[in-house]
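This report goes through selected local features of one protein chain. The sequence and structure come first, and the notes follow.

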Amino acid sequence: MDTALRKNIDWVGCVDWTVRDFHGYNTDRGATYNAYLIRDEKTALIDAVKAPFADKLLQNITELTDLTNVDYVVCNHAEPDHAGGMARVMEALPNATLVCSKKCAAALGMHHDTSGWKTHLVATGDKLALGQRALEFIETPMVHWPESMFTYVPEEKLLFSMDAFGQHYASSQRFDDEVPLCTVMEEAKTYYANIIMPFAKLVAATLARAAELDIEMIAPSHGVVWRSHIAEIVEAYGNWAHCRPKPKVLVIYDTMWDSTGQMARAIHEGACMSGVTAELINIRTSTLTRIATDVLDAACVAFGSSTLNQSVLPMAGAVLTYLKGLKPANKTALAFGSYGWSKGGAETVDEDMKGMKWEVLREPIRAQFRPTAAVLDECRAAGRLLAEKAKEVASGRKTGERLCGDP
Ligand code: FEO
């Protein structure tokens, strides 16, 4: 495995092949916790790893240098998937000084006993000389924690971007041109949708800041290093942060006795007639992770639920709760669903869509017990209308009103 980013700059992280859950995010392709070692007149470790992998990280460092030679440990992010192993690392590196922002030091102090650690606080614009190279620090608050930070090495045109541009993707290769690009872009999109999406406005500001840097390589804290497809991932981040949708209609539903299912299929059928991408998602056979990812770049979303206890079905409620937290923006939407003797399913969906400031196309389509032929025709017509809206939005006639994550 090629782990050298540059001469004397190496990946020393760990691959977590079997992890399948990251606080509810399905990591179907596993994960990596990336750490990097820069050997110069001074030696710096960039980031640590999740606690169970700390000894493996130390072993990787030992293969390159003696642990006593490490002078600095830069912590770009205090979340436990990176800094969980920090206590073990600081204990094993007797001559190392922790380098981090003030906010990061405070966060680390709440996770570990940091009282014995030598610490050097840095802020945006600060530099740390290593010898032939220097580290420059750029705080990136809320991308995606308050203490998040980038570390840049101008002499190498190399950006350590922490979670940004990352992917939960275990592989035996370390670079973007050694793995299928469609796979790595898919995992980058999934990561953005499920972790970064609520902070789009700050991502946009960070991208603008990063555009001022001369970058030939982006080394995130998860997944492969970007060296051949930087333009693609930066463009994708710009599209996601500005919520530039694709001409895509999503029909998402949960159903009790398939009445709402019939309505969903009719809406989907209508959308398919209009030549846009139209996807049909049964919540019970999908996942929150997948649904959030599909919503990210959809222009239009039809969301249906049968009524249960004057509200939505439980899993439909879970999806709505998840989406409300992620705050996807710039959607044209439609609620639908069946009911028996009291309403509440489609109405709850409608309220939640309006709460997310989605443009709701019309009042909810409802069916009492079973959808009649007339209701199914209404659904097909709504599907066609959503498809036309999707083309209109994606053609640029109506983009950029709001950023994902706007309150
Ligand atoms: Fe990969 Fe926010 O931790």
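## Helix α11

In this predicted model, the buried residues of α11 are Gly-345, Ala-346, Glu-347, Thr-348, Val-349, Asp-350, Asp-352 and Met-353. The helix spans residues 345-355 and is mostly covered, with 8 of its 11 residues buried.

An α-helix has 3.6 residues a turn, so residues three or four places apart point the same way. Just after α11, Lys-357 adopts a positive phi of about 60°.

Strand β9 covers residues 70-74, and because 5 of its 5 residues are buried, the strand is largely enclosed by the rest of the structure.

Strand β9 pairs with β8 (residues 43-46) in the parallel sense, over 4 bridges. Within this pairing, Thr-43 has Val-70 of β9 as its bridge partner.

## Leu-121 in strand β11

Leu-121 belongs to strand β11, which comprises residues 119-121. Leu-121 counts as partly exposed because its relative accessibility is 45%, a value that falls between the 20% limit for buried and the 50% limit for exposed.

Leaving aside residues up to four places away in sequence, Leu-121 touches Cys-100, Ser-101, Lys-102, Ala-105 and Asp-126. Leu-121 and Ala-299 are 178 residues apart along the chain, and their C-alpha atoms are separated by 44 Å.

## A nonpolar surface patch

Which residues make the nonpolar surface patch of about 340 Å²? The patch is formed by Met-256, Trp-257 and Leu-308.

Met-256 sits in the loop between β17 (246-254) and α8 (259-272). With a relative accessibility of 37%, Met-256 counts as partly exposed. That value is over the 30% relative accessible area required of patch residues.

Terms used. Residues are numbered from 1 along each chain as its sequence is written. This is a predicted model: local features need pLDDT of at least 70, side-chain atom pairs count only at pLDDT 80 or more; totals for chains, interfaces and linings use all residues. Side-chain values use heavy atoms; hydrogens and water are left out. Patches are made of residues with over 30% relative accessible area and no salt bridge: like charges are joined within 9 Å, nonpolar side chains (Val, Leu, Ile, Met, Phe, Trp, Tyr) within 5 Å. Accessible areas come from the Shrake-Rupley method with a 1.4 Å probe; for residues, only the protein chains shown count as cover. A salt bridge is a side-chain nitrogen of Lys or Arg within 4 Å of a carboxyl oxygen of Asp or Glu. Helices (H or I, at least four residues) and strands (E, at least two) are DSSP runs, numbered from the N terminus. Buried means under 20% relative accessible area, exposed over 50%, partly exposed in between (1.4 Å probe, protein chains only). Contact means heavy atoms within 4.5 Å. Two strands pair if DSSP finds at least two bridges between them.
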